[in-house]
Amino acid sequence: MDSIAALKELLYKIADDQLIIGHRNSEWTGLGPILEEDIAFSSMAQDKLGQSEHIYNLLNQLGEADADTVAFTRNAPQFHCSQLAELPIGGYDFSLIRHFLFDFAEYLRFEALKTSAYQPLAQVAKKFFGEIKYHTMHANTWVHQLGKGNEESNSKMQESLNYAWNYALGMFEPGPAEDVLIKENIFIGEKALQDQWLAVITPLLENSELTIPAKADWAPIYGGRTGTHTEYLQPLLSEMTEVYTIDPSADW
Amino acid sequence: MITEEYIREELKKVPDPEIPTISIVDLGIVTGIDVLENHNIHVTLTPTFAGCPALRLMEDMVKEHLGGIQELGTITVETSFATTWTTDLISPEGHEAIKKHGLAPPKRNCSNITMELLEATPCPYCDSDNTKMKSPFGPTLCRSLHYCNNCKQAFEGFKPVG
């Protein structure tokens, strides 16, 4: 695989992750448990959707279709998002745990990409990194508060962590050309990213009295990056593209 | 004689669409002004937030304002991430303008955003430091929510971005 194809593969998985988690975040709009949380998830949704658009624009510069076409006209098998991103919002405990696991990975991913040899990506990564800092701060505040809250809040968070864990490991599914990306200094690779992520989240979770599942039980759920998705993605896409499908020229 | 400085002064008349007391120049998003042949002007803007819905609107406002100046030729505007916007780029006049809008100006952050930085944001009404951050997310992407224990008022801050 040449470096342009490897780069495109990397960009697609980043943008699709942002778009899909962004849509999931937006599902809390109007439903958040308190007003500030409603606003927080809505704001994070706006950040993620904006970020995905800029990455789709980079893909467009590399010869792919424009951002709207790419975002709104593909079906589930053509999406490269991790399965973690597409899972339904569930209860607030699950949404917070997913937010924590996902956003620390994104934070570190963009930190690494700040020094990418592919300049257009390095430039946007620098910007996104500053924005996602707020997402990780928000996630950690709540995980800490509820992890240490009381028995009920701790056990709900722990159960969600157990459920989300193997999906979260699936975020780091190696791409078909990790060696090319690493050799060309485009990206540090999924393996290095996962190691960094574990090093950052392990003490934070311990500090919140939450336990990472035993290593013997780790079974990363891969497939998302190559178009294998849960039953939850296609309904999300159908909802997200409803207006576009009725009238592709609609303007709002 | 059309100079970069002249264009910059003109762009000080273009307000931020969400906080109209501050100009886009004082906000720090004008990162390039090129005066080209035939007085054609190329302006480069950098986004405050990737998801800012006002990006395209601001491009149009620049085109419209400069387009209204007879001496100028064709106006082109580009949004580029080449210079990363941070709130440290907001001018001292910009800080006053933010305060005038009823928002607490962002503290200087040197790209090091911490929870501590957001706590004790000075109240824009009574200047007290005895305040608490309620949420780093507010009604727009650039605002955070705070409460002043001194004058017992909720207020919004322009949040520091690094």
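Predicted model: local features only at pLDDT ≥ 70, side-chain atom pairs only at ≥ 80, totals over all residues.
**Stop 1: two helices in chain A.** Select residues 92-113 of chain A, helix α5, and then residues 119-147 of chain A, helix α6. Their axes come within 7 Å and cross at roughly 150°, so α5(A) and α6(A) are roughly antiparallel to each other. Turn the view to look along the crossing, which is left-handed. Colour the contact between α5(A) and α6(A) by residue class, and you will find 17 nonpolar, 4 polar and 4 charged residues.

**Stop 2: the sheet in chain B.** Now move to chain B, where three strands form an open sheet in the order β1-β2-β3, with mixed pairing. Select 30-35 for β1 and 75-79 for β3: these strands of chain B stand at the edges with a single partner each, so one side of each has no neighbour in the sheet. On average, neighbouring strands here are turned by 15° against each other, direction ignored.

Next, pick residues 41-45 of chain B, strand β2, which pairs with β3(B) in the parallel sense over 5 bridges. Zoom in on Thr44(B) to see Glu78(B) of β3(B) opposite.

**Stop 3: where the chains meet.** Finally, show both chains: 19 residues of chain B are in contact with 21 residues of chain A. On the chain B side, 12 of the touching residues are nonpolar, 6 polar and 1 charged.

Conventions: Residues numbered from 1 in each chain as written. Chains lettered and ligands numbered in written order. Contact = placed C-beta atoms within 7 Å. Nonpolar A, V, L, I, M, F, W, Y, C, P; charged D, E, K, R; others polar. Axes fitted to C-alpha atoms, helices over the stretch in contact; angles between N-to-C directions. Helix = DSSP H or I, 4+ residues; strand = E, 2+ residues; numbered from the N terminus. Parallel < 35°, antiparallel > 145°, perpendicular 65-115°, else oblique. Left-handed = near helix turned anticlockwise from the far one by under 90°. Pairing = 2+ DSSP bridges.
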